[in-house]
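Please open the structure in your viewer and keep the selection tool at hand. The stops below are meant to be taken in order.

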Amino acid sequence: MLTPSRLTLARQRRGVTKVRLAESVELSVRSISAYENGHQEPSAQSLHDLARALAVPVAFLEAEEVDEIPAGAISFRAPSKLPAARRDMARSAGRIGVMLADWITDRFRLPTPDVPSLSRHSPEDAAAIVRARWGLGESPVGDMLRLLEYHGVRVFSLAAECADVDAFSFYWHGTPYVFLNTSKSGERGRFDAAHELGHLVLHGDHREPHGPDAEQEANRFAASFLMPAASVLAQPLRNASIGQVLAAKAIWRVSAMALTHRLGELGLLTEWGYRAAFVNLARAGYRTDEPGGIPRETSQLLSKVFRALRAEGITPATAAHELHITVDELNSHVFGLIPTVVGGGKQTSIGSRPKLRLVQAGKD
């Protein structure tokens with residue numbers, strides 16, 4: 001039996017319209033609509049054709065119903081430049097990430113969410129409150145992803161097909177989620193993570209994040225969270241040269257552009273110096289990239305999960321089978337942490353040694 005919501009989810013995950021799907025399986029658009037509305041049941045052959053066209057196991061289309069993530073719960077940057085189909089693709093990828101998180105939670109005791117709701121505070125004050133609550137003081141954040149996971153945020157990677165989406169976040173049944181684009185530099189990935197934390201803190205459950213004002217608030221939160229005013233002011237960066245900016249950005253592990261913007265916010269650069277710095281950094285390639293930048297941060301929690309599963313004899317293929325997805329689909333959400341076979345039959349995986357304590361459910 002086809003599960004209508006599963007068909008819609010799979011179709012949106014592949015970014016295809018009903019018209020295109022109908023053409024690929026040689027069915028009418030009316031039939032596809034009827035399947036998704038639950039008004040008609042496909043034949044066994046049609047069900048297999050749909051699964052093949054959408055690159056999902058048949059079991060995915062037959063599993064239990066799924067609720068979709070409300071469109072209003074997610075704030076996409078520059079949404080006018082992102083077609084609805086691309087937003088739906090990212091949102092459906094997020095829903096699969098939630099399924100994976102539920103599967104993991106059934107087997108492991110994960111950190112309890114500790115993200116305060118501070119919608120009535122300014123972004124700068126909210127960043128200071130979270131820093132104090134998490135015991136960070138004015139020190140630079142060492143590993144942004146590890147920090148989020150330690151405080152109960154479920155962090156996943158965005159699939160390659162969602163490369164035009166920087167990142168997004170939302171709450172699902174009270175649990176905060178962050179999805180990150182892994183094609184960006186390490187510095188920009190950290191800022192994206194802090195930006196999404198800003199959405200969770202400032203907008204959260206009670207205020208849906210919408211429009212340029214919400215994005216600006218999240219940016220101001222991220223800058224204040226990663227580069228606290230007192231920490232920046234303590235450095236000799238007044239009227240800083242490009243060389244000083246490039247040297248100092250390593251302190252807070254942020255991009256040169258982000259640090260320059262922060263120096264302007266704090267009045268450490270004149271308007272002329274601020275504009276000149278941006279122009280010179282852009283000419284040097286720092287507008288879209290971070291030459292000689294830091295490595296991307298990855299999920300230590302997920303790395304530890306897969307290590308624990310392997311110790312129990314549970315392979316990624318088993319996990320994918322139970323989730324009714326392919327191993328490739330699973331890997332696209334976990335920062336590529338699943339070992340893959342390379343030349344010579346050797347295996348490689350991405351990720352650093354985890355430091356989080358993970359307790360399997362039902363075990364001490």
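This is a predicted model: local features need pLDDT of at least 70, side-chain atom pairs count only at pLDDT 80 or more; totals for chains, interfaces and linings use all residues.

**The largest pocket**

Select Phe191, Asn219, Ser255, Met257 and Ala258. Among the 22 residues that line the largest pocket, these five lie nearest its centre. The space inside comes to about 620 Å³. Next, colour α9 (186-202), α10 (211-226), α13 (256-265) and α14 (271-283), the elements that each give two or more residues to the lining. Which of them gives the most? That is α10, with five residues. Sorted by class, the lining holds nine charged, seven nonpolar and six polar residues.

**The aromatic rings**

The model has eleven aromatic pairs. Select phenylalanine 168 and phenylalanine 170: their rings are stacked, 6.1 Å from centre to centre, with 20° between the planes. Phenylalanine 168 is buried, at a relative accessible area of 0%, and phenylalanine 170 is also buried, at 2%.

Now move to tyrosine 177 and phenylalanine 179. Their ring centres are 6.5 Å apart and their planes meet at 15°, so this pair is stacked. Tyrosine 177 is buried at 3% relative accessibility, and phenylalanine 179 is buried at 0%.

**Charges over rings**

Select arginine 6 and phenylalanine 60. Arginine 6 lies over the face of the ring, 4.8 Å from the ring centre. Finally, select arginine 131 and phenylalanine 225. Here the charged end of arginine 131 sits over the ring of phenylalanine 225, at 5.4 Å from its centre.

Definitions and conventions. Residues are numbered from 1 along each chain as its sequence is written. Side-chain values use heavy atoms; hydrogens and water are left out. On a 1 Å grid over the protein atoms alone, a cavity is a set of points where a 1.4 Å probe fits but cannot get out, and a pocket is an open set with protein on both sides within 12 Å along at least five of seven lines; lining residues have an atom within 4 Å of a point. Grid points are joined across faces, edges and corners, and a volume is the space filled by probe spheres set on the points. Helices (H or I, at least four residues) and strands (E, at least two) are DSSP runs, numbered from the N terminus. Ala, Val, Leu, Ile, Met, Phe, Trp, Tyr, Cys and Pro count as nonpolar, Asp, Glu, Lys and Arg as charged, and the others, Gly among them, as polar. Rings of Phe, Tyr and Trp (its six-membered ring) pair if their centres lie within 6.5 Å; planes under 30 degrees apart count as stacked, over 60 as edge-to-face and the rest as tilted. Buried means under 20% relative accessible area, exposed over 50%, partly exposed in between (1.4 Å probe, protein chains only). A charge sits over a ring if NZ of Lys or CZ of Arg is within 6 Å of the ring centre and within 35 degrees of the ring normal.
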